[in-house]
Amino acid sequence: MNLYMLKKVNFPLTNAQLTDFFLQHEYASYFTLQQALGELKDSGLIRAESTHSTTRYEITKEGEETLNFFENNISPAIIEDMDTYLKENRLRLRNEVSLVSDYYKSTSQDYIVHCEVREGRSPLIELNLSVPDRDQAAAMSARWEQKSKEIYSFIMKSLMSEEEA
């Protein structure tokens, strides 16, 4: 079922998004779902990208091939539930994964805040900022979701403007 959902979208799904579906429809407990995701990752059927705040999953070629063998084992009612959920929530799900922010300690002992806006798997903008401490890095990373549209718009307008300084 995880492979099916990941194949049906052209963007990664977060752990929270998958959990929301499976718990809402009572198809799996939280712990069973986490175990399944771990096993799929360990076997190379899905790829995981983790940050401080979330993990995003996407299906691999091997996962797609495996799904082709077992897709008929998923009941039509469950497939209908998954298709309906993805159809009704596609825009929200895509928007949630289009913003990426994280931070890490650099070799020079400061922190790098990495922020992205993605369209599918392609970055529209990537921004890396160096800050002196972890608290600043965490705060900036957390604010990216609220400020990304404003920052992206400012950068685009500034770069497209033909005004001379």
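This is a predicted model: local features need pLDDT of at least 70, side-chain atom pairs count only at pLDDT 80 or more; totals for chains, interfaces and linings use all residues.
Residues are numbered from 1 along each chain as its sequence is written. Local features need pLDDT of at least 70 and side-chain atom pairs count only at pLDDT 80 or more, while totals for chains, interfaces and linings use all residues; side-chain values use heavy atoms, with hydrogens and water left out.

**Aromatic rings**

Rings of Phe, Tyr and Trp (its six-membered ring) pair if their centres lie within 6.5 Å; planes under 30 degrees apart count as stacked, over 60 as edge-to-face and the rest as tilted. By this rule there are four aromatic pairs. Select Phe21 and Tyr27: the ring centres are 5.8 Å apart and the planes stand at 40°, so this pair is tilted. Phe21 is buried (under 20% relative accessible area), at 0%. Tyr27 is partly exposed, at 28%; this class lies between buried and exposed (over 50%), with a 1.4 Å probe and protein chains only.

Next, select Tyr30 and Phe31, an edge-to-face pair with 5.4 Å from centre to centre and 85° between the planes. Tyr30 is partly exposed at 40%, and Phe31 is exposed at 66%.

Strands are DSSP runs (E, at least two residues), numbered from the N terminus, and two of them pair if DSSP finds at least two bridges between them. Show the open sheet of three strands, which has the order 1-3-2 and antiparallel pairing. Strand 1 (13-14) and strand 2 (46-50) are the edge strands, each pairing on one side only. Select residues 55-59 for strand 3, which pairs with strand 2 over five bridges in the antiparallel sense. Finish at Ala48, which stands opposite Tyr57 in strand 3.

Definitions and conventions: Helices (H or I, at least four residues) and strands (E, at least two) are DSSP runs, numbered from the N terminus.
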